[in-house]
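Hi,

Here is the model I said I would pass on.

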Amino acid sequence: PDGTDNIEVGGFQPHNVMAGEHVLFLASFHNNDVTLSQFQVMVMLLQSFIESLTIVLPFYPVGTMERVSKEGQVATANTYAQMFSNLPSCGRPTRLLIYDLHTLQNRFYLHGNSIA
């Protein structure tokens, strides 16, 4: 009713069958709307007692924005990496598999609860 996402994920009714499972999440960040929705689902999954989360991201759309060329420009590759790095922990790091990373240095932006 307020215009925000109303996301429902299967596997939780009539009981949580995701608990204790290794979850593979196929992501697609082809636009900002779906990217935010998918981050919301990842947070929910990590807070649902899963054993591990592996995120497969075939294409890292912000991969060429790993640095700025002028003040005020946002290095979006870094901001996405910050969001991945700050996902809740399920007891082990979230594993991120990216097939088209664009630049090798992007993998070093991840820290904390995520590894590439």
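In helix α2, the buried residues are Ala77, Tyr80, Ala81, Phe84 and Ser85; buried means under 20% relative accessible area, exposed over 50% and partly exposed in between, with a 1.4 Å probe and protein chains only. They sit on the same side of α2, because the arc they cover around the axis is only 140 degrees, where the arc is that of the directions from the helix axis to the C-beta atoms.

Before you go further: this is a predicted model, where local features need pLDDT of at least 70, side-chain atom pairs count only at pLDDT 80 or more, and totals for chains, interfaces and linings use all residues. Residues are numbered from 1 along each chain as its sequence is written, and side-chain values use heavy atoms, with hydrogens and water left out.

As for the overall layout, the protein chain has two helices and four strands, in the order β-α-β-α-β-β from the N terminus. These are DSSP runs numbered from the N terminus: H or I with at least four residues for helices, E with at least two for strands. Of the 116 residues, 35% are buried.

Now the helix pair. The axes of α1 (residues 32-46) and α2 (residues 76-85) come within 11 Å of each other and cross at roughly 20 degrees. Axes here are lines fitted to C-alpha atoms, for helices over the stretch in contact, and angles run from 0 to 180 degrees between N-to-C directions.

Which residues meet? From α1 there are Asn32, Thr35, Phe39 and Met42, and from α2 Tyr80, Met83 and Phe84, with contact meaning heavy atoms within 4.5 Å. Five of these contact residues are nonpolar, two are polar and none is charged.

Also in α1 is serine 37, which is buried at 17% relative accessible area. Leaving aside residues up to four places away in sequence, serine 37 touches Asp5 and Ile7.

Two backbone spots to check:

- Glutamine 13 and proline 14 are joined by a cis peptide bond, with omega at about 5 degrees. Proline 14 lies in the segment before β1 (22-26).
- Phenylalanine 49 is not a glycine, yet has a positive phi of about 65 degrees. Phenylalanine 49 is in the loop between α1 and β2 (52-59) and counts as exposed, at 67% relative accessibility.

Cheers

Methods:
Nonpolar A, V, L, I, M, F, W, Y, C, P; charged D, E, K, R; others polar.
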